[in-house]
Amino acid sequence: MSTRYDRVMERAAHDRGGWPTDARIERTEHDLADWEMLMDAIENALEARGVMNTDQMRRGIESMPLDEYERASYYERWLFSTETNLIEQGILAPGEIDQRLAP
Amino acid sequence: MSLAPGTTVRVSTRPHEGHHRTPGYLKGRQGRVERVHGRYRDPETRAYGGDGLPERELYLVSFDLPSGDRVLADVFEHWLEAAE
């Protein structure tokens with residue numbers, strides 16, 4: 001068993017149904033960027049190999065700090081959760097992706 | 001235990017730390033069982049790498065909200081309580 005939420009939440013950021021708002025709902029479709037399709041492929045490959053499942057994916061997304069959750073796009077949340085899950089399992093070291101990307 | 005379609009139920013308001021699939025806006029609300037989906041592995045333990053066993057009964061439940069909207073949602077049996 002790995003980490004639970006990093007805080008106790010009355011309603012987590014993802015649990016939005018019923019929140020009062022006058023904000024316009026963004027319904028515009030957009031073409032997926034290459035990295036977004038790659039993110040989808042990585043996630044599906046990890047599920048097919050039994051490394052992580054949909055519920056672990058969702059739990060990782062729900063554990064995002066509120067401000068990061070609000071700023072992140074759909075697939076950025078997938079990236080956050082996948083990285084979190086792989087670090088929990090010791091497959092990635094903390095900060096490993098950032099280190100590899102550093103110039 | 002299995003709840004028959006037509007049964008009136010209330011969604012539990014118990015505090016729960018960690019992943020679960022019960023929407024906050026339905027907690028405490030009264031609804032009606034519309035359909036029995038069957039038994040599924042429990043996402044509350046699968047979310048932490050567990051096997052999700054024992055399987056839990058999942059229902060389609062309808063809710064008449066104060067806004068006049070009627071909402072249909074999938075709710076696991078362990079989140080449903082008997083309603084008066």
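The model is predicted; local features need pLDDT of at least 70, side-chain atom pairs count only at pLDDT 80 or more, and totals for chains, interfaces and linings use all residues. Residues are numbered from 1 along each chain as its sequence is written, while chains are lettered from A and ligands numbered from 1 in the order in which they are written.

Start with chain A. Its secondary structure comes to five helices and zero strands. Helices (H or I, at least four residues) and strands (E, at least two) are DSSP runs, numbered from the N terminus. Read from that end, the elements of chain A run α-α-α-α-α. The C-alpha trace of chain A spans about 40 × 35 × 30 Å along its principal axes.

How confident is the predictor in chain A? The score is pLDDT, the predictor's confidence in each residue, from 0 to 100. Chain A averages 88, and 90% of its residues score at least 70. Among its elements, helix 1 (residues 34–48) has the highest mean pLDDT, 97. Helix 3 (residues 66–71) has the lowest, 91. Residues 1–9 of chain A are another matter: pLDDT stays under 50 there. Where pLDDT is low, the predicted coordinates should not be read in detail.

Now look for what is covered. A residue is buried if 20 or more other C-beta atoms lie within 10 Å of its own, exposed if 12 or fewer, and partly exposed in between; the C-beta atoms are placed from the backbone. Of the 103 residues of chain A, 16% count as buried. Helix 2 (residues 54–62) of chain A is mostly covered, with seven of its nine residues buried. Among them are Met57(A), Gly60(A) and Ile61(A). Charged residues sit there too: Asp55(A), Arg59(A) and Glu62(A) are buried. What covers the buried residues of helix 2? The cover includes helix 1 and helix 4 (74–88) of chain A, together with helix 1 (43–46) of chain B.

That brings in the second chain. Two residues are in contact if their C-beta atoms, placed from the backbone, lie within 7 Å.

Chain B has one helix and five strands. Along the sequence they follow the pattern β-β-α-β-β-β. The C-alpha trace of chain B spans about 40 × 25 × 20 Å along its principal axes. Of its 84 residues, 20% count as buried.

Follow the strands. Two strands pair if DSSP finds at least two bridges between them. Strand 1 (8–11) of chain B pairs with strand 2 (residues 30–40) in the antiparallel sense over three bridges. Strand 1 also pairs with strand 5 (residues 80–82), again antiparallel and over three bridges. Val9(B) takes part in both pairings: its bridge partner in strand 2 is Gly31(B), and in strand 5 Val9(B) stands opposite Ala82(B).

Which residues form the covered face of strand 1 of chain B? They are Val9(B) and Val11(B), while Thr8(B) and Arg10(B) form the uncovered one. In a regular strand the side chains alternate between the two faces of the sheet.

Strand 3 (residues 56–64) and strand 4 of chain B run antiparallel, joined by seven bridges. One bridge pairs Val61(B) with Ala73(B).

The largest nonpolar core has ten residues, including Val9(B), Val11(B), Tyr59(B), Val61(B) and Trp79(B). Such a core is a set of buried Ala, Val, Leu, Ile, Met, Phe, Trp, Tyr and Cys residues joined through C-beta atoms within 7 Å. Strands 1, 3 and 4 of chain B each supply at least two residues of this core.

Finish with Leu72(B), in strand 4 (residues 70–76) of chain B. Is Leu72(B) buried or exposed? Leu72(B) is exposed, because 11 other C-beta atoms lie within 10 Å. Leaving aside its neighbours within four places in sequence, Leu72(B) is in contact with Glu34(B), Leu60(B) and Ser62(B).
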